[in-house]
2 protein chains.
Amino acid sequence: MTLAARSYVALVHHPVLEKGGRVVTTAVTNLDVHDIARASRSYGLAGYFVVTPIAAQRRLVEEIVGHWTTGAGRAHNDKRTDALELVRIVPSLEEARAAAGDAYVVATGARPREGCVSFAALRAARDADPRAVLLVFGTGWGLADDVFAASDAILAPIRGSSPDGYNHLSVRSAVAIVLDRLFGRD
Amino acid sequence: MTLAARSYVALVHHPVLEKGGRVVTTAVTNLDVHDIARASRSYGLAGYFVVTPIAAQRRLVEEIVGHWTTGAGRAHNDKRTDALELVRIVPSLEEARAAAGDAYVVATGARPREGCVSFAALRAARDADPRAVLLVFGTGWGLADDVFAASDAILAPIRGSSPDGYNHLSVRSAVAIVLDRLFGRD
C-alpha cells in the first residue's frame, strides 16, 4: 500500500492556541471541511478527521457531509461527494489516532521546533514503515504544546520565499502544500 | 530581482466556466481574498489581482481590504494587514496584465492542454527573462478557452497522487501548491 493510501489528515479545533497564546476551542469552518476533503481526495489519502470536542459542532459537520454524501447534494453530482466521503468526525485527536489504526502521529506548525524533521526525511522514514500516518494540523494560532509533546514526529514548517520571513498561510493552504510535498508528482 | 518578487497572481471571476461549460461571472468569495493574499505574501510575490467586471463586487473587495489595511482591522494587528496590502482590484485580466507591467501571462487549469509547460520548465524560462509574470487562476469550473488562447504559456495541471486520477482542488489550494512548486524551499 502506498504511503498516501495509508495516510490521514486531522484538523484539530481543540487543543489549539488563540492569538494571545491561551488554549482554546475554535469553531468549525465550512470551507475547511470542503477544501481539505478535496485535497485529501486528490492526493489519494485514506481519510480526513475533523476533530472537535463540541457535540453541536460535530453535528454541524455531519449535516454538511450528509448533505453531499447521502442528501440533496449527492444529486448535484459534482465531485464533492467523492471528497466528503473521506470525512470522519471525532471528539479528540486520540480517537482519530485509534480510528486510523494506531497511526504514527506527525504534528505540523508554522514555527521551527527542536528535532523537527524535513519533508524528505519524513517521507523516507514512513515509506520504510508500513504503519498508518496521521498528519495533524491546528486551526486558530496552531496546535497546543501538548499535541507536539505527544506526537511521534514534528514536521518542519513550510517556508515560503518572502525575503522578510513572513509565513502566515491559512490552514487550508498549509494542508494543500504539505500533501503536495509529501505525495505530489511534478 | 527574484522571480517571486516580480510575479503576481490573478484570480479571475470572468470569463470563467460554470459546471455545464457556459461562460459566466462568479461571485467573489471572502476567503479567496484572504487565503490567496496570505499565500502570495508568504511566497514574496509582488501583488495579487482580484479580477471582476462587476462594480459592486469590486466595491465589496475594496471594503474587505480596506477594513484590514486602513480600517478597524488594522488595529487587530495580526498579519492580515501585510497580506491584504498586496491586493489590487481590477475589472479585467487585460488591466491586471497592464498594471503588472505588461507581464508574461501564464494560464492555469486542472486539465492537461496541448503545449502546456512543466513547473520546472516554466521556472527556468522565467528565471532567464526579467519580465514580470502573471499567474492566472480561474474560479468556478476554470478559465474560459479565450484566456488560454490569449496567454503566453499554459502551466501543466497539478496532479495529486490519487490512483483514480481524481483532481478537484479548490482554487485556494491550487494557488498555494503552484506558488510552493514555483517558489518554495523544502
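Student: Which residue in strand 7 of chain B is the bridge partner of Val106(B)?
Tutor: In this predicted model, Val106(B) has Leu135(B) of strand 7 as its bridge partner. Local features here need pLDDT of at least 70, side-chain atom pairs count only at pLDDT 80 or more, and totals for chains, interfaces and linings use all residues. Residues are numbered from 1 along each chain as its sequence is written, and chains are lettered from A and ligands numbered from 1 in the order in which they are written.

Student: Why is strand 7 of chain B called mostly covered?
Tutor: A residue is buried if 20 or more other C-beta atoms, placed from the backbone, lie within 10 Å of its own, exposed if 12 or fewer, and partly exposed in between. Six of the six residues of strand 7 (residues 133-138) of chain B are buried. Val133(B), Leu135(B) and Phe137(B) cover one side, and Leu134(B), Val136(B) and Gly138(B) the other.

Student: Where does strand 1 of chain B find its partners?
Tutor: Strand 1 (residues 7-12) pairs in the parallel sense with strand 4 (residues 47-51) of chain B over five bridges, and six bridges join strand 1 to strand 7, also parallel. Leu11(B) stands opposite Val50(B) in strand 4 and opposite Phe137(B) in strand 7. The open, parallel sheet has six strands in the order 5-4-1-7-6-8 (chain B). Strand 5 (87-90) and strand 8 (153-154) stand at its edges with a single partner strand each, so one side of each lacks a neighbour in the sheet.

Student: What relates chain A to chain B?
Tutor: A rotation of 180 degrees with 0.0 Å of shift along its axis superposes chain A on chain B, with an RMSD of 0.0 Å. The copies are thus related as by a two-fold rotation axis. The superposition is by least squares on C-alpha atoms of residues with pLDDT (the predictor's confidence in each residue, from 0 to 100) of at least 70 in both.

Student: How do you know that the copies meet through the same surface?
Tutor: Of the interface residues of chain A, 100% are also interface residues in chain B, so the surface is the same. The contact, for which C-beta atoms placed from the backbone must lie within 7 Å, takes 38 residues from chain A and 38 residues from chain B. On the chain A side, helix 1 (30-42), helix 4 (80-84), helix 6 (119-127) and helix 8 (171-183) each supply at least two residues.

How values were computed: Contact = placed C-beta atoms within 7 Å. Helix = DSSP H or I, 4+ residues; strand = E, 2+ residues; numbered from the N terminus. Pairing = 2+ DSSP bridges.
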